[in-house]
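User: I want to check the labels on this model against their cut-offs. Please take me through them.

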Amino acid sequence: MSDRVRNFPLLAAELMPQCEALAAQYEERRSALLPLMHLFQSREGFVSPEAMRFAAGFLDLTPAVVESTVSFYTLFYRKPVGRYVLQVCRGLSCTLGGAEDVMAAFREKLGIGNLQTTDDGLFSYEEVECLASCDRPTCMQVNLEFLYDLTPQTVDGVLAAIRGGTSGVAPLPQTERPGKTWAVRQDTEVSEGEKMPGDTGVPDPNNAGGLGDRTGLIALDRIVNDDAALLGRSRERTVRDASAIDAVIREEDRAHAGH
Ligand code: FES
């Protein structure tokens, strides 16, 4: 067991007043999930399985709901990452503005590929889908701080500023040494074995979506083609009619009543 895991209960106890304050800001406690995950990420450097399980218990959500929410956003890192997470946009506008060349320059200068971390643990690199700054291509985030109007020629300057401490972006805490890749397994760590059948067996569960991601197409294809695997009950619910939805709700109610 790592020091981080051993110390997690202490961290959770320390952050409990902040967690309570966040939950109190919302009419429904579950609405505090995203700020809660940001809070733990700011202390652990990533959103750990322990933090997700804590959030599930604290907000009365299932681990599957927490994990599926966290995995939706590239704002959350689900494995230990470098001190600086570089996320370059590969959306349509940025691609038209030259993102492919910018990405190639980052890969070459860093010596790593998508979803990888440099050996010194300083940089993690990811190519993500539209960062909602389409008017300033190519854009990227460094530890969630925006940089705009990038070209292959500006990449050296970005890396030099970070290395030299003049970028104005604070490094992430690193409570666990990152591995070579920060991709996650297909089955989740938190709600393992409970994925919807349409989402299992896809080529890359870490893809950020958009142009490079066929995950949704594959799931859709299975549904349209009536894959027998989808007919069974799943925790993440492929339901086909209203009565199936009712059955799921009744089962959830029974489970809650039994707690
Ligand atoms: S396409 Fe890059 S920010 Fe939208």
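User: Which residues have the most contacts inside the largest nonpolar core?

Analyst: The model is predicted: local features need pLDDT of at least 70, side-chain atom pairs count only at pLDDT 80 or more, and totals for chains, interfaces and linings use all residues. Residues are numbered from 1 along each chain as its sequence is written. Ala55 and Leu86 have the most contacts inside the largest nonpolar core, which has 44 residues. A nonpolar core is a set of buried Ala, Val, Leu, Ile, Met, Phe, Trp, Tyr and Cys residues joined through C-beta atoms within 7 Å.

User: Why is this core said to lie between domain 1 and domain 2?

Analyst: Domain 1 (3-72) and domain 2 (84-163) both give residues to the core, so it lies between them. The domain bounds come from an automatic or database domain assignment. Elements that each supply at least two core residues include helix H3 (49-59), strand E1 (84-89) and helix H7 (155-163). Helices (H or I, at least four residues) and strands (E, at least two) are DSSP runs, numbered from the N terminus.

User: What does Leu86 touch?

Analyst: Not counting residues up to four places away in sequence, Leu86 touches Phe106, Phe123, Ser124, Tyr125, Met140 and Val142. Contact means C-beta atoms, placed from the backbone, within 7 Å.

User: What makes E3 mostly covered?

Analyst: Six of its six residues are buried. Buried means 20 or more other C-beta atoms within 10 Å of a residue's own; exposed means 12 or fewer, partly exposed in between, with C-beta atoms placed from the backbone. Phe123, Tyr125 and Glu127 cover one side of E3, and Ser124, Glu126 and Val128 the other.

User: How do you know that E1 and E3 pair?

Analyst: Two strands pair if DSSP finds at least two bridges between them. E1 and E3 are joined by six bridges and run parallel, so they meet that cut-off. Gln87 has Glu126 in E3 as its bridge partner. Strand E2 (residues 116-117) pairs with E3 in the antiparallel sense, over two bridges.

User: Why is Asp60 called exposed?

Analyst: Asp60 has 11 C-beta neighbours inside 10 Å, so it counts as exposed. Asp60 sits in the loop between H3 and H4. Its phi is positive, about 60°, although Asp60 is not a glycine.

User: And why is Tyr26 called partly exposed?

Analyst: Tyr26 has 13 other C-beta atoms within 10 Å, so it is partly exposed. Tyr26 lies in the loop between helix H1 (3-24) and H2.

Note on methods: Contact = placed C-beta atoms within 7 Å.
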